[in-house]
Amino acid sequence: MNGVRQAALKRLTTWSARRHGRDALPMIVNRRRIYIIPTRFGIALALLLVAMLIAGLNYNSNLGLAFGFLMVSLALVAMHHCHRNLLNLSVDAIVEVDAFAGDHASFEILLRNEAGIDRCDLEIRMDLAEGRGAGGVFTALVSVAARGYQHGTVSVPVARRGVTRLERFELRTRYPFGWFRAWTYVQSPLTAFVAPRPGGERALPSASAALGTAAQSEIRGDEDFAGLRAYEAGVPLKHMAWKVLARGGEPAVRSYTGPAAEPEWLDWAMLHPLRDEARLSQLCRWVLLSESAQRTYGLRIPGTEIAPSRGAGHRSACLRALARYPS
Amino acid sequence: MSALPASGALTAAAERVTFDSLLWISACLALTLLVGIAALPIWVTLTVAASAGLRLFQAARGHDAPPRSIRLGLAVLAIGLLFLQFRTFNGLSAGTALLSLIAGLKILETRTRRDIYVITMIIYFLSLAALLEGESFWLFIYLIAVCWLTTSTLLRLTSSARNSDWRGSLRHAGRILAQALPLAVAFWLFFPRFGGPLWQMPDSGSNATSGLSDSMSPGDITNLAMSDEVAFRVRFKAGSDTPPPQERYWRGPVLHDFDGHAWRRTESAPVLTPGLRFQGPAYRYTVSLEPSQHNWIFVLDWPSRWDAERAYLTSDYMLMEPNPLSQPIDVAATSYSHVQAAQPLGPGMRRRDTRLPAGRNPRSLQLAQELRNAHPDDPGYIDAVLAMFHSEAFFYTLTPPRLAADPVDGFLFDTKRGFCGHYASAFATLMRAAGIPARVVTGYQGGTYNRFADYWILRQSDAHAWDEVWMEGRGWVRIDPTAAIAPERVEHGLNDIVTADAPQFSRWQQRTPWFADLRLRLDALRLLWRERILRFDQSSQERLLELLHIPEPDGQKVALVLAACLILGMTWLTWQVRRELKISPRDPLQRAYERLCRRLRSVGCERMPSEGPEAYAARVSHLRPDLGAPVMALCREYSTLRYGAGATVDAAAAGGAAAAAGASDAKRFSAAVRRFRPRGSRGSS
């Protein structure tokens, strides 16, 4: 029975995928892509209603029939409400997320509700049966108020480094009475770049080099004030020239000179004796260390070279390169 | 917003039922069981109450359901007990008791949402079962309310409603129920009805009979006379006469066998109607009988035709139904005020109706002998007996003294106070003692006319007993000895004459006309409910189709109309449900401004997308100096309302007083825009 169900669901998903093609996000859930079936409680209710109507007819009881028909109509209205709970909802997602192996990938789905009614109990479901992480279905339950938006985060455990790709996710609801289940597939791939788990004990290459040469002004670089320059987005707040701003001037940033400004190359080749995954773990840790130390760093692994830079975007690019290796 | 894997322990936690839902579902179940609590074995009620109480107590302390072994043992025990009591689970009362018990035990083991669903379904079915039995309007309304509450409980199982207040879930469930209403009405009106039951079910539990029974001892009818309960209602057909009071005798059980104390009816076989020649005016009417758990149907003396298919007439003119009346039924019948027998009385019948118990009521027999000697002819003898009742000091009273072993003797010679039963019994005894075949007929006499809806109400207090004697050449003739004592009883009904004996309350009613009117009006509504709703059937559907100007209505056309209604209903529903999905109207200020821009565009001054209100106004006044001042004023007001101090960007987002003030400002602005009607175009000016 379960096997039949699984097979039927699989056929439905492939058919639906063929039918709708790939969705561009943000996607508006239209009528044609909402599927609805009764739940097992709905089926039980249907049987009950048939029994109720037969009893009403048999006893020739007009009140019994009235009650039975009221329940039938209630079920029909509930079906409409269930269907409507998904209709015209706008779905968006963060299609690429970063994660570390052994941790969770948090897929964020943004639901926007333009209508004047609340959308209650929307279940975002991700089926990772074919994914590279731990298999299973992962869900998040959200409700979106009228004319509001809400985001749901589905945390998916990722065990191994690599790129986890989800071809589709499902939006499901059993609102209002749990007699029906309406759902829609969002055929838009979500990708989790699973970087290696940070590891290894080696210090940053520059630190070991600096220790080797001279013990002069190793970390003083940050303290060498070199003047003001114009503000640009992404600069750490502690470097802001607040006094200048307070005087009514243009936002400015204090700039420093020092050895830290020298680009640091995080090189695959430096970690010669280690095995591949260990090298990747070490590189990952270095990337995180360099970023938190405000260094400028570049990454060199076989097949990829990322020019020295810093900031969140750069860090993400480096981590994704590590996740993607060897491709 | 925690992410949960769909399987495993975490889901079970999410599916677990809260105390709130448990409380709600217990309340719903209690309200449902309240309807049938009288018919339920007391221990079932107690078991259900105890298990719900125990479960709630545990849930309040955060405990889970009791272990499985206890629950299972309890269930087996309880259901076994129930079977021992009823011997069957078939039929309405046993089924109801079983379902109630299962629901109670289910509450005890409620852990997850699934259990709640099972209980709601039992509640729905129990409500239906209650409606199969009862037919009152208030019961129906009450059960709809319970259904509403139950459905709200289902809504509260959803996570979003779980934390909201009960008013919200009630309101939302109520809206859904209201949307279901039109569809339900269409279903009900046009769903094909079958005449009889699809299959016979064992009869329902309540077998308490009411009204007249098939025996009468002195004092029986006195008890009935105190009851205001309605026995049946009668509506005379349009064009049919209403019989005069002295002919309004509604025939019930005919009693033949007298043991000196009580009159009884021994079952007489269904004999086909003996030949009767009907005379006098025909009365056509419909009797709407309340369930009495007896077989007889009360009809006017003397019935000739009736539309109850399985009913038959006995040899003594009782209209009988094969099964006891457990449901209210309507019977249309025709009666004639006078009949003439076509055949002489058979010897068996004569023997039966002249038999008296040996050695009982000796003084009466002696009196009969004396009178018979004086009046050897039957009519003379009958008149003499009636004259005796009339001339001697006999009294008609609702509270006659108790009578000893020979009640007829006691009544005729000692107390001389009696109710209709005493007179009928004494009269029949005297007739039989003289060899005249006589029998006692019980039934109802008179009735209250409801002038608000043109029908008659026959209450238990209208119960009456009279006699029929066989007169050679005429057949059975009705003689009411009570009429000899208290003719008003027959002319005006009981209440007028025994006022002094009646309880305080009915005396007060008598003196308070508006209260009597109110009761009549309420009764008229009850009859309307019964005729229009409870008795709605295939012919009503056909009449309905005639009203819709559909020619030659039949079952097939009813089904077609149902299909049409459903299509219409579903379309309406879709529209209704989707209507609320429409992108909500933006704030009125914005709409008013857009109207202003549309009006200006129609006169050739279109607003540039980049233009703010003030710049736009400046350009308009340049293009159309005649419009300059009003447009300038409107645009300035708009920007003040929109961007000035205290402006609300979104009226709905601002709370309370600020929103109200914003709304009134917007309304004023909107009205100003409506008044502004630019004419002409740039070219023509």
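Biologist: Over which residues of chain A does pLDDT stay under 50, and how should that stretch be read?

Modeller: Where pLDDT is low, the predicted coordinates should not be read in detail. Here pLDDT, the predictor's confidence in each residue from 0 to 100, stays under 50 over residues 212-221 of chain A, and the model has seven contacts for them beyond four places in sequence, a contact being two residues whose C-beta atoms, placed from the backbone, lie within 7 Å. This is a predicted model, in which local features need pLDDT of at least 70 and side-chain atom pairs count only at pLDDT 80 or more, while totals for chains, interfaces and linings use all residues. Residues are numbered from 1 along each chain as its sequence is written, with chains lettered from A and ligands numbered from 1 in the order in which they are written.

Biologist: What does chain A average in pLDDT?

Modeller: Chain A averages 83, and 87% of its residues score at least 70.

Biologist: At what angle do helices α12 and α14 of chain B cross?

Modeller: Two packed helices are described by the angle between their axes and the distance between the axes. Helices are DSSP runs (H or I, at least four residues), numbered from the N terminus, and axes are lines fitted to C-alpha atoms over the stretch in contact, with angles from 0 to 180 degrees between N-to-C directions. The axes of α12 (residues 362-374) and α14 (residues 407-415) of chain B come within 7 Å and cross at roughly 60°. B:Arg363, B:Ser364 and B:Leu367 in α12(B) meet residues of α14(B) that include B:Val408 and B:Phe413.

Biologist: How many residues does each chain bring to the contact between chains A and B?

Modeller: Chain B gives 50 residues and chain A gives 56 residues.

Notes
Helices (H or I, at least four residues) and strands (E, at least two) are DSSP runs, numbered from the N terminus.
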